[in-house]
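Work through the exercises below with the structure in view. Each task is followed by a stepwise solution.

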Amino acid sequence: MGWAIGYDTRLRRDVGYGVPAICDDPECAEEIDRGLAHVCGGAPFGGDCGCGLHFCGKHLWHGEDAQVCRRCLGEQEAFTPKPDTPEWMRCKLEHPTWAEWRAAEPEEVARIRAALAEAPACA
Ligand SMILES: [Zn+2]
Ligand SMILES: [Zn+2]
């Protein structure tokens, strides 16, 4: 299964290989996408054994059943999800394909605008 853009209702963020992101490991700044190749658990939203966060190749361990991050590998609490990239937030605010979503989700639009206002200008 593969899709360009989906929505993780548990983590409340966009997922899919069409979504640019930063590795969710707090010590990492690798640019990835939120496709299945990067998801902890190896299945949409993390499947049965992952947290559903997204990591670069250096921060996913490939076990017998699935790929998982180091927190899930050690059965620890998941990392705090990183915010969406400014690039992605701007896309949602400006791109025509998101017009319908913007009309339906005014609160989310306001939240993203506020988050973008706080983002460093040179990010
Ligand atoms: Zn995990
Ligand atoms: Zn990483």
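**Exercise 1.** State which arrangement the donor atoms around the zinc ion (ligand 1) have, and why.

Solution. Step 1: in this predicted model, the zinc ion (ligand 1) is coordinated by Cys40 (SG), Cys51 (SG), Cys69 (SG) and Cys72 (SG) at 2.2 to 2.4 Å; donors are N, O and S atoms within 2.8 Å of the metal (3.2 Å for Na, K and Ca), with water not among the atoms. Step 2: the 4 donor atoms subtend angles of 102 to 114°, so the arrangement is tetrahedral (four donors, all angles between 85 and 135 degrees). For four tetrahedral donors the ideal angle is 109.5 degrees.

Residues are numbered from 1 along each chain as written, and ligands from 1 in the order written. Local features need pLDDT of at least 70, side-chain atom pairs pLDDT 80 or more, while totals for chains, interfaces and linings use all residues; side-chain values use heavy atoms, without hydrogens and water.

**Exercise 2.** Find the protein donors of the zinc ion (ligand 2) and their spacing in sequence.

Solution. Step 2: their spacing reads C-x4-C-x27-C-x2-H. Step 3: Cys23 and Cys28 are both buried (under 20% relative accessible area, 1.4 Å probe, protein chains only).

**Exercise 3.** Describe how strand E2 pairs with E3.

Solution. Step 1: strand E2 covers residues 13-22 (strands are DSSP runs of at least two residues, numbered from the N terminus). Step 2: E2 and E3 pair in the antiparallel sense over 4 bridges; pairing requires at least two DSSP bridges. Step 3: Ala21 has Ile32 in E3 as its bridge partner.

Definitions and conventions: Four donors count as tetrahedral if all angles lie between 85 and 135 degrees; four count as square planar and six as octahedral if opposite donors are over 155 degrees apart and all others between 65 and 115; anything else is irregular. Buried means under 20% relative accessible area, exposed over 50%, partly exposed in between (1.4 Å probe, protein chains only).
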